[in-house]
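Please look over the model below. A short walk through its helices, surface and loops follows.

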Amino acid sequence: MGKGMLPLLIGAVGFVLFALVLEQALHFVVLRPGADGSVALMQRPFLYMLYGALAAGVFEETARFVGFHILKKKYTGLGTALKHGIGHGGIEAVFIGGASMVSAVVLAVMINSVGVEGLASMGAPALEQAQAIAASQPGMFFVSGLERMMALGLHISLSVIVYYAVYEEKKVWLYPLAILLHALADCPAALFQAGVLTNVWLVEGIVLVSMAGLVAIAALLHKKLEPKADSSESYKKTSPCAQRREGV
């Protein structure tokens, strides 16, 4: 992998470590089923939404915050933020969207070969999943792909916001802002999982509006802060101290 691809790799590794390891460890403790198999927090939809959205926001934006601190000494510019966001969102799409799609395709092939009931020998979970796929409308697979595209847009926008939280002096407040914005964007999905929202198209519509808003915020931040970053870098390169270090 070329040197310029390190931001992408840091974004991917950050998602795996913070979202798939650390966040899941917290979920294992907080969302552990009780003796009757139910999850207490899911009985309180508002608290479940608040917990799920904030957990995702805290862990994933912290991954970006740490990642940009690692990159800061050698990498700068909008390209660094974009590559990081693509790495973060891309690996999420692979683990979440890609894995579920592959599983669905495999089960669909098996359904065509032996039928839904023929999967009973594989156990109840496989049978239940096959029955769900057989009952699914074709449009739902389109929704899944659309959701991954919107999620990637969200991740790239949030990476730009956190990039400036790290690279710009006195802008660290953008880090908690990114956590809040991430949490708000995740609220519809959390409410859908809790059963409060049942219309998947309504949920996707809200997510689309959220993505558009985040893209606009990231673009405005970049337009406002990039000239300052450029001026700062230019000054560092032309200052007497920098010239002495470079032997000018």
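**A walk through the helices**

Val-21 sits in helix α1. This is a predicted model, in which local features need pLDDT of at least 70, side-chain atom pairs count only at pLDDT 80 or more, and totals for chains, interfaces and linings use all residues. Residues are numbered from 1 along each chain as its sequence is written, and side-chain values use heavy atoms, with hydrogens and water left out.

Start with the overall layout. The protein has eight helices and zero strands. Helices here are DSSP runs of H or I with at least four residues, strands are E runs of at least two, and both are numbered from the N terminus. From that terminus, the order reads α-α-α-α-α-α-α-α. Of the 248 residues, 39% count as buried. Buried means under 20% relative accessible area, exposed means over 50%, and partly exposed lies in between (1.4 Å probe, protein chains only). Take the contacts between residues at least 6 apart in sequence: 75% of them join residues at least 24 apart. A contact means heavy atoms within 4.5 Å.

Now the surface. The accessible surface is about 14,000 Å², and 69% of it belongs to carbon and sulfur atoms. Areas come from the Shrake-Rupley method with a 1.4 Å probe; for residues, only the protein chains shown count as cover.

Return to Val-21. Its relative accessible area is 43%, so Val-21 is partly exposed. The largest share, four residues, comes from α1.

Next, the loop between α5 (139–167) and α6 (174–193). Lys-170 lies there. Its relative accessibility is 77%, so Lys-170 counts as exposed. Phi of Lys-170 is near 65°, a positive value in a residue other than glycine. Most residues other than glycine have a negative phi.

Then comes α6. A kink of about 40° lies at Cys-187, shortly before Pro-188. The bend is the angle between axes fitted to the seven residues ending at a residue and the seven starting there. Both Cys-187 and Pro-188 are among the buried residues of α6. Just after α6, Gly-195 takes a positive phi of about 85°.
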